[in-house]
Amino acid sequence: MDNVTVATETHAAHEEHHVSLPQHRHHFETPEQQREAGTFGMWLFLLTEIMFFGGLFFAYLLYRNWYNPAFVAASNQLNIPLGTTNTAVLITSGFFMALAVWAAEVRKKTFLVATLLLATIFGLVFLGVKYFEYKEKWEKHHIPGASFDISEFVNPPRDAKTGKPVEEPLSPDMAQKTQVFFSLYFAMTGMHALHMIIGVGLLLWLIPRAQRGDFTAGYVAPIENFALYWHFVDIVWIFLFPLLYLINRHPV
Amino acid sequence: MNEHQHHDPGNITNPEHAEHHIVTPKTYGIVFITLLTFTGITVWAAFVNLGILNPMIALAIACTKAVIVILFFMHVFFQSKLIKMTVAAGFFTFLILVTMTLSDYISRAWGLW
């Protein structure tokens, strides 16, 4: 009976120690186990995101095969310099997020806050560039719907030097199908931008907490798992950029 | 009271759980430069007329970039087998989704073209 009492008391003391540390909750054996469980859970969430964006990519693949001439003409409306800039901006943001994880691991608070701020700023730059791209589509009536304008696809502008159309003219039927491209363009880049906005929101929540020192005393998980999300959003763009902007420059 | 009723010693002695790798800024820097280089290459390649190879090269570069991000920015290279299996299983399931749907799509009008 004595032995049981002693064992229970030791156990209780042990539990209390667990509860006091966010990186080692009482229901985990070790901090490492908690960390792996967290990473595992985060990846399961990201897999559902892969399926979600995967469905959109798949729709793009099929419709691009069906209405190839419309997809080529519509895709060439996109601005490659802006798309390239945004790719570099997003990779830079991801780089600072990766550095933030390192800063949290080695417990450098000022560096952690600085890298989180830089990741946020580059994320906002990306969204700003996206705004100007969307604005151009709005002005050219290239947003699918009642006021969509097919004239630029039926009568493409002529090159000043050669006098030839810059793009293969489409029949009015096929030109209507450019709306399918723009629908998918707005659905895919829009869902990506929504993920960016949610990410920036989370960053604005993480930065004051990092400033308070929450993540530089051994509790790295929120920074690490947010970084996984942020890099995932990067990967989506890594595929969106070539598929939407680049692969239709030379129709077979 | 037996300790074993509450604690699975495998969780403590499993060396995979104990290992923790901190990826250095140097590695991140190399990955960053590599990703920017690949971005440059893919834009350059888009303006060279390679016919059917254009989309293939663009997708191959995108896949390479994605794998680099997953392995190093997302630390999968340094993670336990459980995490590696989870990530691989996810992509494998997505491939099944694509293959099954495509095989249906291709075979719908079989012989009618």
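A helix, as the word is used in these legends, is a DSSP run (H or I) of at least four residues, and helices are numbered from the N terminus. The model shown in every view is a predicted one.

**View 1. T87(A) in helix 4 of chain A.** T87(A) is found in helix 4 of chain A, which covers residues 80-105. A residue is called buried if 20 or more other C-beta atoms lie within 10 Å of its own, and T87(A), with 26 C-beta neighbours inside 10 Å, therefore counts as buried. Leaving aside residues up to four places away in sequence, T87(A) touches W237(A) and F241(A) of its own chain and T39(B) of the other chain. V200(A) is 113 residues from T87(A) along the chain, and the C-alpha atoms of these two residues are separated by 17 Å.

**View 2. A73(A) and the residues that it touches.** A73(A) lies in helix 3 of chain A, made of residues 68-75. With 25 other C-beta atoms within 10 Å, A73(A) is buried. When residues up to four places away in sequence are not counted, the residues that A73(A) touches are F153(A), E167(A), E168(A), L170(A) and T178(A). Between the C-alpha atoms of A73(A) and E224(A), which stand 151 residues apart along the chain, the separation is 42 Å.

**View 3. Helix 5 of chain A and what covers it.** Helix 5 of chain A runs over residues 109-139, and its 31 residues should span 45 Å at 1.5 Å a residue, which agrees with the 45 Å between its end C-alpha atoms. The buried residues in this helix include L112(A), V113(A), T115(A), L116(A) and A119(A), and also T120(A), G123(A) and F126(A). An α-helix has 3.6 residues a turn, so residues three or four places apart point the same way. What covers the buried residues of helix 5 of chain A includes helix 4, helix 8 (178-212) and helix 9 of chain A.

**View 4. Helix 9 of chain A and its kink.** Helix 9 of chain A, residues 221-246, has 26 residues, and from its first C-alpha to its last it reaches 37 Å, close to the 38 Å expected at 1.5 Å a residue. At L240(A), shortly before the proline P242(A), this helix has a kink of about 25 degrees. Because 22 of the 26 residues of helix 9 of chain A are buried, the helix is largely enclosed by the rest of the structure.

View 5. Most residues other than glycine have a negative phi. R107(A), which is not a glycine, has a positive phi of about 60 degrees; this residue lies in the loop between helix 4 and helix 5 of chain A, and with 14 C-beta neighbours inside 10 Å it counts as partly exposed. Just after helix 5 of chain A, H141(A) also takes a positive phi, again of about 60 degrees. In chain B, the phi of H75(B) is positive and near 70 degrees. H75(B) lies in the loop between helix 4 and helix 5 of chain B, and its 20 C-beta neighbours inside 10 Å make it count as buried.

**View 6. The side of chain B that touches chain A.** Chain B has 5 helices and 0 strands, and 46 of its residues are in contact with 42 residues of chain A. Two or more residues each are given to this side of chain B by helix 1 (9-13), helix 2 (15-18), helix 3 (25-46), helix 4 (53-73) and helix 5 (81-107) of chain B. Helix 5 of chain B gives the most, with 10 residues. By class, the side of chain B that touches chain A consists of 29 nonpolar, 15 polar and 2 charged residues.

**View 7. The two domains of chain B.** Chain B is divided into domain 1, residues 9-79, and domain 2, residues 80-113. Their contact takes 4 residues from domain 1 and 5 residues from domain 2 of chain B. On the domain 1 side, the residues in this contact are 2 nonpolar, 1 polar and 1 charged. Of the 113 residues of chain B, 19% count as buried.

**View 8. Confidence along the two chains.** The average pLDDT of chain A is 90, and 91% of its residues score at least 70. Over residues 4-9 of chain A, however, the pLDDT is below 50, and this stretch has 3 contacts in the model beyond near neighbours in sequence. Where pLDDT is low, the predicted coordinates should not be read in detail. For chain B the mean pLDDT is 86, with 82% of the residues at 70 or more. Among the elements of chain B, helix 3 has the highest mean pLDDT (96) and helix 2 the lowest (57). The model as a whole scores ipTM 0.86 and pTM 0.88.

Notes
Residues are numbered from 1 along each chain as its sequence is written. Chains are lettered from A and ligands numbered from 1 in the order in which they are written. This is a predicted model: local features need pLDDT of at least 70, side-chain atom pairs count only at pLDDT 80 or more; totals for chains, interfaces and linings use all residues. Two residues are in contact if their C-beta atoms, placed from the backbone, lie within 7 Å. Ala, Val, Leu, Ile, Met, Phe, Trp, Tyr, Cys and Pro count as nonpolar, Asp, Glu, Lys and Arg as charged, and the others, Gly among them, as polar. Domain bounds come from an automatic or database domain assignment. A residue is buried if 20 or more other C-beta atoms lie within 10 Å of its own, exposed if 12 or fewer, and partly exposed in between; C-beta atoms are placed from the backbone. The expected span of a helix is 1.5 Å times one less than its number of residues. The bend at a residue is the angle between axes fitted to the seven residues ending there and the seven starting there. pLDDT is the predictor's confidence in each residue, from 0 to 100.
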